[in-house]
Amino acid sequence: MRVAQLGAGQPSVAIVGAIHGDEPCGARAIERLIEDDPPVRRPVKLIIANAEALERDVRYVDADLNRAFDDGVPEDALERDLAHQLASELRGMTAISIHSTQSYPYPFAIASRIDDYARDIASKLSVRALVDTGSPNLGRVFEAEADIIEVEAGLQKSDAATENAYRLVREFLTATRVLPGETTAGELPVYRVGEPIEKPDASAYEVFVENFTRVEANEPFAAADGTPLSEPNPFYPILLSSYGYADIFGFRGQKLGTVTPGQRESDGASSTRSRSRSNAQ
């Protein structure tokens, strides 16, 4: 793990990159930020989480670091120690973790629940959606005692993902008052991750639909060895791709509604969670 800092004093804001070593965009954004050395109003901690996996260009060395924040990984796994270190570094912090994906070229945000922090930060980032994981954290970095939002910056190892990651980092630092300036906030659609869509045994897979775009009942969304696949109920695809996962295409999603700048959990009927029943599609 590599940890750096901009500004003097004890930071309460952090940026995390390279939780997965084969997703270099976050580390590159951090390195560029260090090189640019912008004047900061308050200190920020910069963490390249799995430096060894990044150097090897592999997702992880012994275990997935973003599933290692519980006791379900071997005691001798490198990532078990890294998870303890990262949790310690992030304790009490406001943080963003940068990732990339094989399924969607545009940035979107992920939160373990749609709380005030997720609403406030996501609505100030240039992302196209906010995704509620809608399930136990399963050893993810969300287990750390911190306010954390993840962002998928774009397609894995693409130049666009690197540029997006740097822009998102600057927007996050502006939103948290580390950097001077104003953020542009807007209404953002919110989705909840549902059950995975299993892949049948096949030698070739195709995906026909766009993530976050409604798939109608019985509409072919993918194919396995040329055979179309459909679902009996409509859904919103999330992280859907042909080869991003070995055993699943991605996930069935539910659209919850939207978040708007300044919306709080205490807003009652206007909050995303309280509207989810009526807005579910």
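Reader: Which residue does Ile-15 stand opposite in S3?

Author: Ile-15 stands opposite Leu-46 there. Strand names come from DSSP: strands are E runs of at least two residues, helices are H or I runs of at least four, and both are numbered from the N terminus. This is a predicted model, where local features need pLDDT of at least 70, side-chain atom pairs count only at pLDDT 80 or more, and totals for chains, interfaces and linings use all residues. Residues are numbered from 1 along each chain as its sequence is written, and side-chain values use heavy atoms, with hydrogens and water left out.

Reader: OK, and how many bridges join S2 to S3?

Author: Four, and S2 and S3 (residues 44–48) run parallel. Two strands count as paired if DSSP finds at least two bridges between them. S2 also pairs with S4 in the parallel sense, over four bridges, and there Ala-14 has Ala-95 as its bridge partner.

Reader: Is S2 buried or exposed?

Author: Five of the five residues of S2 (residues 13–17) are buried, so the strand is largely enclosed by the rest of the structure. Buried means under 20% relative accessible area, exposed over 50%, and partly exposed in between, with a 1.4 Å probe and protein chains only.

Reader: Which S2 residues point which way?

Author: Val-13, Ile-15 and Gly-17 point one way, while Ala-14 and Val-16 point the other way, and all are buried.

Reader: Switching to cores. How many residues are in the largest nonpolar one?

Author: That core has 43 residues, and those with the most contacts inside it are Ile-15, Leu-130, Phe-172 and Leu-173. Helix H5 (residues 159–175) gives the most to this core, with eight residues. Apart from it lies another core, of 35 residues, including Leu-82, Val-131, Ala-144 and Tyr-191. A nonpolar core here is a set of buried Ala, Val, Leu, Ile, Met, Phe, Trp, Tyr and Cys residues joined through side-chain atoms within 4.5 Å.

Reader: What is Phe-172 in contact with?

Author: Leaving aside neighbours within four places in sequence, Phe-172 is in contact with Val-13, Ala-14, Ile-15, Thr-94, Ala-95, Ile-96, Tyr-117, Ile-121 and Leu-125. Contact means heavy atoms within 4.5 Å.

Reader: And Arg-170, where is that found?

Author: Arg-170 is in helix H5. The residue is partly exposed, because its relative accessible area is 31%. Arg-170 and Leu-130 are 40 residues apart in sequence, and their C-alpha atoms are 18 Å apart in space.

Reader: What about Leu-130, what does that stand opposite in S8?

Author: Leu-130 stands opposite Val-190. The strands are S6 (residues 130–132) and S8, paired in the parallel sense over three bridges. S8 also pairs with S13 (residues 248–259), this time in the antiparallel sense over nine bridges, with Val-193 opposite Gly-253.

Reader: Pockets next. How much space lies in the largest one?

Author: About 680 Å³. On a 1 Å grid over the protein atoms alone, a pocket is an open set of points with protein on both sides within 12 Å along at least five of seven lines, whereas a cavity is a set where a 1.4 Å probe fits but cannot get out; lining residues have an atom within 4 Å of a point. Points are joined across faces, edges and corners, and the volume is the space filled by probe spheres set on them.
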